[in-house]
Amino acid sequence: VQWKEDVRIFREMLMNVAIIIKGLSVRELPQNVVSWLLKIIQNLQKFRFNVATMVYMEVAIGNAPWPI
């Protein structure tokens with residue numbers, strides 16, 4: 001059933017966000033991670049969702065060209 005998968009994904013997201021929040025609160029996240037998070041959050045606050053997504057993609061997979 002679709003709602004069960006949605007609940008599973010939501011719970012996984014909550015756990016991942018909790019890890020980030022804990023890292024921020026005890027100042028254990030590397031500075032570059034904090035910098036990327038700040039860029040993403042600033043773009044989200046300005047409703048620039050496409051830019052925030054591009055910043056996330058750059059962090060997640062980088063800018064290297066993919067061989068085809």
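I take the expected span of a helix as 1.5 Å times one less than its number of residues. Helices (H or I, at least four residues) and strands (E, at least two) are DSSP runs, numbered from the N terminus.

**Ground rules.** I am reading a predicted model, in which local features need pLDDT of at least 70, side-chain atom pairs count only at pLDDT 80 or more, and totals for chains, interfaces and linings use all residues. Residues are numbered from 1 along each chain as its sequence is written, and side-chain values use heavy atoms, with hydrogens and water left out.

**Entry: the chain as a whole.** I looked up the secondary structure and found three helices and zero strands in the protein chain. Along the sequence, the pattern reads α-α-α. I then looked up the radius of gyration, which is taken over C-alpha atoms, with a globule rule of 2.2 Å times the number of residues to the power 0.38. The protein chain has 15 Å, whereas a compact globule of 68 residues would have a value near 11 Å. Its C-alpha atoms fill a box of roughly 40 × 35 × 25 Å along the principal axes.

Entry: For burial I use relative accessible area: buried is under 20%, exposed is over 50%, and partly exposed is in between (1.4 Å probe, protein chains only). Of the 68 residues, 7% count as buried. Accessible areas come from the Shrake-Rupley method with a 1.4 Å probe; for residues, only the protein chains shown count as cover. The protein chain exposes about 6,300 Å², and carbon and sulfur atoms supply 66% of that area. For charge, Lys and Arg count as positive and Asp and Glu as negative, while His and the chain ends are not counted. Each charge is placed at NZ of Lys, CZ of Arg, CG of Asp or CD of Glu. I noted 8 positive and 5 negative side chains, with the centres of the two sets 7 Å apart.

**Entry: α1 and what follows.** I checked the length of α1 against its residue count. Its 24 residues should span 34 Å at 1.5 Å a residue, and the end C-alpha atoms are 35 Å apart, which agrees. After α1 comes Arg27, with a positive phi near 55 degrees. Arg27 sits in the loop between α1 (2-25) and α2. Its relative accessible area is 77%, so I list Arg27 as exposed.

**Entry: α2 and what follows.** The 15 residues of α2 should span 21 Å at 1.5 Å a residue, and its end C-alpha atoms are 21 Å apart, which agrees. Within helix α2 (residues 31-45) I picked out Asn43. Is Asn43 buried or exposed? Asn43 is buried, because its relative accessibility is 8%. I then looked up its contacts (heavy atoms within 4.5 Å). Leaving aside neighbours within four places in sequence, Asn43 touches Arg48, Val51, Ala52 and Val55. Phe47 lies in the loop between α2 and α3. Phe47 is not a glycine, yet its phi is positive, about 60 degrees. I list Phe47 as exposed, because its relative accessible area is 66%.

**Entry: α3 and the end of the chain.** Helix α3 (residues 49-61) has 13 residues and reaches 18 Å from its first C-alpha to its last, close to the 18 Å expected at 1.5 Å a residue. In helix α3 I looked up Tyr56. Tyr56 is partly exposed, with a relative accessible area of 47%. From Tyr56 to Leu14 I count 42 residues in sequence and 18 Å in space, C-alpha to C-alpha. Just after α3, Gly62 has a positive phi of about 85 degrees. Pro65 is in the segment after α3. At 73% relative accessibility, Pro65 counts as exposed. Pro65 and Phe49 are 16 residues apart in sequence and 23 Å apart in space, C-alpha to C-alpha.
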